[in-house]
Amino acid sequence: MITLLLIFFPLVAALLLLMVKGEQVKKIAFGAAVIEFIISIAAVAQYQHNADTQFVFNMPWITSLGINFHVGMDGISLLLVLLTTFLVPVIILTSFKKAYSNPTAFYSLILAMQFALIGVFVSLDGFLFYVFWELALIPIYFICLLWGGDDRARITFKFFIYTLAGSLLMLAGLIYLYQHTASHTFDIAELYAAGRTMDVTHQGYVFWLMFMAFAIKMPVFPFHTWQPDTYTTAPTQGTMLLSGIMLKMGTYGVIRWLLPIAPLGVEHWAYFAITLAVIGIVYTSCIAIAQKDFKRLIAYSSIAHVGLIAAGILAGNVQGVQGAMIQMISHGINVVGLFFIVDMLQTRLGTRNIDLMGGIRNLNPQFAVLFLIVLLGSVALPLTNGFIGEFLLINGVYQFNAWLAAFAGLTVILGAVYMLRSYQSIMLGETSVVTATFPPLEGYEKAVLFIICAAIIVFGIYPKPLLDIAEPSVVKLVDGYRTAIGK
Amino acid sequence: MTALILLSALGVIALLAEIFSFKKLLYPVVILGLITTFVLNLVDWNTGKTWYGMMHYDNFAVAFASVLIGVSVLWFIMAEGFFKEESSLTDHFALILFALAGGVIMVSYTNMTMLFLGIEILSIPMYVLAASNKEDVYSNEAGFKYLIMGAFSTGFLLFGITLIYGATGSFDLTTISNLVTGNSAVPSMFYVGVLLMLIAMVFKVSAVPFHFWAPDVYQGAPTSVTAFMATIVKTAAFAAFLRLFTVTFAGSAGMWIDVLWVIAALTLLVGNITAVVQTSTKRMLAYSSVAHAGYMLLALIALNQFTNSSVLFYALAYSIGSIASFGVLSIVAKSRGNDNTDSFNGLAKTNPLLAIAMTVALLSLAGIPPTAGFFAKYYIFTAAFASGYGVLVLIAILASLIGVYYYFRIIIAMFFKEAGTSAAIEVSANHKILFVITILLTVALGLFPDFIIRLL
């Protein structure tokens with residue numbers, strides 16, 4: 001039942017929020033998001049540390065087609081649900097001083113988005129998964145369309161078409177699998193079984209139909225062209241939702257659906273797909289180095305990070321997948337922190353161009369320290385949360401292929417280059433015209449940055465609780481995968 | 001059968017209103033009459049009566065007739081403006097009701113003569129109604145074009161029926177089916193007849209390459225009439241199409257299914273691509289209506305246990321979406337002077353209900369969850385996949401993507417662009433109720449489609 005509560009509480013909150021007008025709407029939305037977080041903590045408290053799917057709820061939905069409302073959580077789902085419920089209140093908090101037009105609609109859409117995201121992470125029915133997957137697209141589309149920056153109509157539309165194209169291919173893949181199930185059902189176990197009865201060629205078709213959807217969502221090179229524009233144009237909270245949580249729908253999809261359904265297909269195409277991901281890592285890191293717009297720089301760095309996650313998952317070993325789990329959490333937290341810093345800089349200085357900035361450290365040492373912690377987390381310094389994930393990921397890719405791991409490892413070096421260089425340019429040196437004054441941090445800004453920095457350091461030093469949640473499920477899943485491919 | 005009698009009686013009552021001058025009462029009388037018909041029609045469920053070998057009121061007929069009548073109730077609320085004119089009020093009522101009666105025959109015939117009668121009873125009122133805006137050149141053009149093209153396709157239909165009669169000596173669907181199934185000695189003129197009938201039916205559902213009449217007629221006719229043609233006429237035509245081809249000609253599927261495959265692929269692509277370049281929203285919806293015929297053809301090609309129920313669900317979802325979108329379109333076009341995409345600018349600020357109703361309708365037409373249109377598309381894809389038409393499904397997916405492009409242009413205009421005026425458009429209470437109903441129906445059907453798809 002707690003799964004149902006987790007799914008539908010944000011939806012109910014979103015609908016009730018529609019009746020509230022005025023400024024208190026953000027406080028109510030924040031309150032709802034915090035309650036949702038508490039519910040998820042309660043779920044963690046009840047969670048048994050084993051590989052079983054827990055908190056299962058299964059009810060017939062469209063019986064004549066074998067579609068059930070089947071939800072439940074294992075460690076992998078729970079971790080991502082936790083990420084979502086943790087980040088949404090933080091994201092709402094980051095907007096506390098924003099004066100968006102029509103705040104009711106804005107916060108309602110954020111909570112509606114949370115509803116769909118949780119649904120994606122807990123669905124155990126192919127059809128239900130697809131419905132939630134598509135449902136997540138509509139709120140974020142409107143958030144970007146209504147509150148975004150210049151040229152948003154064109155850019156968000158490109159985003160919509162791209163992701164919808166991927167989704168429809170996934171739908172075709174799911175229907176194809178459905179036709180191969182013994183009892184014509186969308187139940188996850190039946191879909192797994194159906195996928196595994198196919199030969200490598202047909203699993204290859206399924207792989208590509210589904211991988212396209214996930215690759216576009218993440219995004220993996222060369223399906224990434226929607227991402228920098230969309231991240232740059234979207235309102236800060238929209239960018240955080242996209243990069244912090246929505247991106248994980250793609251990586252989660254690969255773990256939950258692709259590896260178990262089409263193991264032979266994954267194995268057959270893994271080399272190719274990981275190569276694409278690695279090309280993306282190097283390519284987007286190089287582009288990030290050349291960026292002047294700080295928001296765009298982080299958008300590109302996000303492609304590089306997620307490319308490594310994708311490579312680690314597709315490598316198909318425990319280190320890779322476990323690293324992906326940790327890195328999904330870390331990246332979610334860090335990227336929200338970074339985009340918040342971008343937003344703080346932009347509201348204070350009126351620009352995102354890093355060349356125009358400088359010397360802020362002297363004006364506001366506190367901000368400088370907090371920024372540095374977030375930044376070190378994202379360049380994967382040991383003892384920050386980014387380190388464990390990237391270490392495991394590169395280890396996983398190394399077991400797959402040493403050369404690919406060597407190139408994938410460049411992400412750490414190149415990441416350090418562009419992040420530290422931008423830090424230097426923004427914070428150090430002499431103050432410039434735009435940074436002549438830098439107003440002190442406000443209470444809510446400190447709160448957000450403290451929460452994020454605390455998460456970065458705590459999980460950097462002691463990641464065990466997170467690793468423990470996911471580990472049994474990851475081991476089971478990877479074992480299943482490796483048995484299927486005969487290794 | 002009850003439905004047919006009641007509808008004809010209602011039509012006659014509408015004509016009598018002119019003589020006994022109770023024109024003012026006619027609108028509520030007709031709505032109540034239609035609701036009664038809808039209910040009494042359901043009584044025929046599972047009875048399966050046949051009438052002199054001419055009509056068989058099986059569950060297929062009841063289900064499709066219910067869709068026709070139910071949608072027509074919504075249509076009457078949407079088209080209230082069409083029944084405000086004093087001069088030809090009763091004609092409008094009578095013609096629509098007789099057309100509906102023709103539709104009921106088309107969903108229940110078991111004899112080719114009844115098919116012909118049904119199509120004609122449906123079509124002749126539509127020719128008149130298309131031209132009912134007498135002052136407007138385009139409306140006249142629409143009526144004339146529709147008449148010429150319709151007559152042309154009727155010619156094909158009759159020719160086809162004649163050849164089939166010549167080959168089999170019967171008009172009865174079951175007799176023909178029994179004669180030709182598994183019989184290798186069927187004269188070749190039977191197959192020519194099937195092809196001619198196929199062309200006539202494809203004509204009626206406005207599939208490419210026989211769709212040229214549709215955009216002009218849809219654009220020229222009064223918007224209310226266009227909505228009627230896009231929903232009720234199309235549903236009836238598809239039901240007739242299914243009855244003929246899934247039962248009688250299923251045995252000879254090998255020779256017409258490839259033809260239909262090409263027609264469906266062309267319809268999906270041409271309909272959607274042409275819709276993209278339209279500036280007039282009404283014409284855009286006309287082309288999108290052509291494209292939707294393509295999806296329904298997919299189910300017909302699949303020719304399996306899903307075919308009937310998937311077309312039923314698709315027709316219902318599509319009809320509700322069309323009623324809502326044509327309804328908003330006619331209100332906006334009337335108040336802002338034209339029906340270009342620009343006339344929707346800023347509608348979300350001035351009239352949130354209209355904007356939301358339009359958005360839900362367009363999302364449904366585009367096939368985005370959790371709307372009815374999504375499930376309809378999904379179900380059709382499943383049907384096609386089950387019979388192994390994967391390539392056709394991929395074409396349909398590509399077509400849906402193109403569809404999103406032009407549907408979202410209107411959504412973007414409503415929510416993103418600034419309106420020239422901030423004045424809200426006045427919307428009547430009936431229309432407000434209608435739009436709330438369409439929104440709820442679209443979402444409810446999308447979330448709980450089971451009870452409809454189990455019917456057939």
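I started in chain B, where the axes of helix 15 and helix 17 (residues 390-416) come within 9 Å and cross at roughly 170°. For my own reference, axes are lines fitted to C-alpha atoms, for helices over the stretch in contact, and angles run from 0 to 180 degrees between N-to-C directions. Helices (H or I, at least four residues) and strands (E, at least two) are DSSP runs, numbered from the N terminus. The angle makes helix 15 of chain B roughly antiparallel to helix 17 of chain B; angles under 35 degrees count as roughly parallel, over 145 as roughly antiparallel, 65 to 115 as roughly perpendicular and the rest as oblique.

Next I listed who touches whom there. From helix 15 of chain B come B:Ala355, B:Met358, B:Thr359, B:Leu362, B:Leu365 and B:Ala366, and from helix 17 of chain B come B:Gly403, B:Val404, B:Tyr407, B:Ile410, B:Ile411, B:Met414 and B:Phe415. I take two residues as in contact if their C-beta atoms, placed from the backbone, lie within 7 Å. By class, this contact has 11 nonpolar, two polar and no charged residues. The classes: Ala, Val, Leu, Ile, Met, Phe, Trp, Tyr, Cys and Pro count as nonpolar, Asp, Glu, Lys and Arg as charged, and the others, Gly among them, as polar.

Note on provenance: this is a predicted model, where local features need pLDDT of at least 70 and side-chain atom pairs count only at pLDDT 80 or more, while totals for chains, interfaces and linings use all residues. Residues are numbered from 1 along each chain as its sequence is written, and chains are lettered from A and ligands numbered from 1 in the order in which they are written.

**A helix pair in chain A**

I then looked up helix 3 (residues 75-94) and helix 19 (residues 443-461) of chain A, which pack at an angle of about 150° with their axes 9 Å apart. That makes helix 3 of chain A roughly antiparallel to helix 19 of chain A. The crossing of these two helices of chain A is left-handed (the near helix is turned anticlockwise from the far one by less than a right angle; clockwise would be right-handed). I found A:Val90, A:Leu93 and A:Thr94 of helix 3 meeting A:Tyr444, A:Ala447, A:Val448 and A:Ile451 of helix 19. That contact has six nonpolar, one polar and no charged residues.

**Chain A against chain B**

I checked the interface: 22 residues of chain A are in contact with 23 residues of chain B. On the chain A side, helix 5 (126-135), helix 6 (137-147) and helix 7 (152-180) are the elements that give two or more residues. Helix 7 of chain A gives the most, with 13 residues. I get 18 nonpolar, three polar and one charged residue on that side of chain A.

A:Leu177 counts as buried because it has 25 C-beta neighbours inside 10 Å (buried is 20 or more other C-beta atoms within 10 Å of its own, exposed is 12 or fewer, partly exposed is in between, with C-beta atoms placed from the backbone). Leaving out residues up to four places away in sequence, A:Leu177 touches A:Leu191, A:Ala194, A:Gly195, A:Val206 and A:Ile261. A:Leu177 and A:Val206 are 29 residues apart along the chain, with 7.8 Å between their C-alpha atoms.

**Hairpin**

I see strand 1 (residues 54-62) and strand 2 (residues 67-73) of chain A paired in the antiparallel sense over six bridges; a pair needs at least two DSSP bridges. A:Ile62 has A:Ile67 of strand 2 as its bridge partner. The hairpin has four residues between the strands, and A:Gly66 takes a positive phi near 70° there.

I noted a cis peptide bond from A:Phe221 to A:Pro222, omega near 0°, with A:Pro222 in the loop between helix 9 (200-217) and helix 10 (227-233) of chain A. In chain B, the bond from B:Pro369 to B:Pro370 is cis with omega near 5°.

I also looked for positive phi outside glycine. A:Leu383 has phi near 75°, and with 12 C-beta neighbours inside 10 Å it counts as exposed. B:Tyr52 has a positive phi of about 50°, and with 8 C-beta neighbours inside 10 Å B:Tyr52 counts as exposed.
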